[in-house]
Amino acid sequence: MKSTLKFLKRLKHTIFYSIAFYPVLISTGFFLLAIILLFVENLEVVDSVKKKVPYLLVQDNETARTILSTLFGGILSLTVFSFTMVMVVLNQASSNFSPRLLPGLISNKKHQIILGFYIGTILYAIIVLMSLGAYGSSTNAVGFSVMVGAVLGIFCIGLFVYFIHSISQAIQIHNIINRIYDSSRNLIKKEREEQEKSNVDINLTPDKYWKTIASKKTGYYRSFDQFLLVDSLKEKDNFIDIIPYADQHIWKGDPLLRIKEPITEEELEALYICVYILSNRHEDDSAVGGMIKLTEVAVKALSPGINDPGTAINAISKLGQLLLEALQIKPKTAICKDDCEITVIHNKIPASEMMRIVIEPIRGYAKADSTVSYELLSALVYLRNSGEIIPEYMEAIQNEIKSLVNDLKNNITNNQDLKRILELLEK
């Protein structure tokens with residue numbers, strides 16, 4: 001039962017985040033609208049409206065057919081042009097910035113809604129055109145429906161203008177960086193709030209029993225769904241210590257969980273159902289995943305083919321702010337739901353690991369670039385001097401500063417540039 005529930009939750013996530021979800025939903029609405037309008041076309045209320053505003057209604061079936069056919073062809077052309085443009089934009093983003101940015105651009109709900117209106121209007125025109133054959137040569141049989149179709153066509157033209165503006169804004173790299181920054185910052189803020197609400201005393205001192213459970217699959221650990229725990233586990237006063245941090249890659253057989261008190265084999269199998277291990281690190285949004293995307297944008301900008309230090313500096317600036325927020329989160333968060341006795345302990349990404357996957361790649365590319373290195377060292381010094389981060393994280397920052405200084409001394413040949421950069425350490 002729990003495995004079926006897990007499957008349904010993943011299916012729900014897949015459907016809701018699919019590029020086809022909003023278009024299918026809106027198109028279904030337009031289909032129903034066409035059916036309803038054709039049904040009420042000859043009601044007395046609608047007839048009275050037709051008599052009051054006859055100049056807005058089409059009186060001739062041939063004229064109606066021409067309008068609907070033109071509407072169908074025109075909106076179809078808009079649809080093809082618009083989303084051919086999207087494909088060109090996505091190809092450019094993949095080449096110039098990072099392939100990991102594509103899911104965020106594809107899942108833009110505004111563009112999906114516009115696509116839904118386009119397809120819905122086309123479907124509406126088809127349904128009304130088919131009805132013309134059913135009504136035969138009856139005068140003004142679908143006049144009201146044709147008028148609504150014309151309004152929808154005008155609205156689609158307005159959406160096309162908005163789409164051109166939106167896609168031109170969405171592809172600009174500073175907007176992409178700002179969007180990733182805002183999303184990651186909100187996720188970090190959510191983690192901090194979750195940790196502040198937790199008042200569970202975390203006691204992981206060695207005891208008479210601690211059992212380590214190995215992973216059954218290879219992939220990226222994503223999350224632990226406490227809702228899927230079986231009742232027998234919820235009712236026990238026990239601790240589950242999740243060893244990997246969110247987005248960490250683990251191999252089959254690696255330590256996955258630790259259990260403080262003994263559990264049965266059935267409960268152990270049920271425990272695996274609660275664990276989400278995905279094949280793609282960027283399949284779901286996460287704070288660490290957002291920082292990795294910014295790192296990839298900076299590294300891509302520093303590559304010889306792109307050579308855009310301004311973008312790299314912008315990404316480093318946002319990374320510095322995100323790291324300051326992330327390094328204020330304690331290493332562990334204990335969560336005990338109101339409806340259960342068991343406590344689940346989530347491990348956060350260590351500061352040293354964060355330096356390795358977020359800062360080190362940029363350091364490797366920027367060590368010979370005095371301008372970008374200046375900004376990178378400035379960000380690290382900002383973290384060191386902030387006074388807001390967890391004290392035990394300070395060593396990792398100091399080690400990363402030392403590594404960057406060593407790289408700069410070995411790669412910056414201009415003594416004046418090197419001196420200017422190293423003066424940051426005195427702040």
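These are my notebook entries on a predicted model and what I looked up in it.

**Ground rules.** The model is predicted, so I took local features only at pLDDT of at least 70 and side-chain atom pairs only at pLDDT 80 or more, while totals for chains, interfaces and linings use all residues. Residues are numbered from 1 along each chain as its sequence is written, and side-chain values use heavy atoms, with hydrogens and water left out.

**Overview.** I found 16 helices and eight strands; these are DSSP runs numbered from the N terminus, helices being H or I with at least four residues and strands E with at least two. Of the 427 residues, 45% count as buried (under 20% relative accessible area, with exposed over 50% and partly exposed in between; 1.4 Å probe, protein chains only). I then looked at contacts (heavy atoms within 4.5 Å): among those between residues at least 6 apart in sequence, 79% join residues at least 24 apart.

Five strands are arranged in the order 1-5-3-8-7, with mixed pairing; two strands pair if DSSP finds at least two bridges between them. Strand 1 (211-214) and strand 7 (332-335) are the edges, each pairing on one side only. From one strand to the next, the twist averages 20°. Strand 1 runs antiparallel to strand 5 (residues 255-259), joined by four bridges, and I see Lys211 opposite Ile259. Helix 10 (residues 265-273) lies across strand 1, strand 3 (239-242) and strand 5, at about 55° to strand 1. For such angles, axes are lines fitted to C-alpha atoms, for helices over the stretch in contact, and values run from 0 to 180 degrees between N-to-C directions.

**Strand 6.** I checked both faces of strand 6 (residues 275-278): Val275 and Ile277 on one side, and Tyr276 and Leu278 on the other, are all buried. In a regular strand the side chains alternate between the two faces of the sheet. Strand 6 pairs with strand 2 (residues 219-224) in the antiparallel sense over four bridges, and Leu278 is the bridge partner of Tyr220.

**Two helix residues.** Is Ser145 buried or exposed? Ser145, in helix 7 (residues 143-170), is buried because its relative accessibility is 0%. Leaving aside residues up to four places away in sequence, Ser145 touches Leu37, Leu38, Glu41, Tyr124 and Val128. My other pick, Ile35, sits in helix 2 (residues 21-40) and is partly exposed, so I noted its relative accessible area of 40%.
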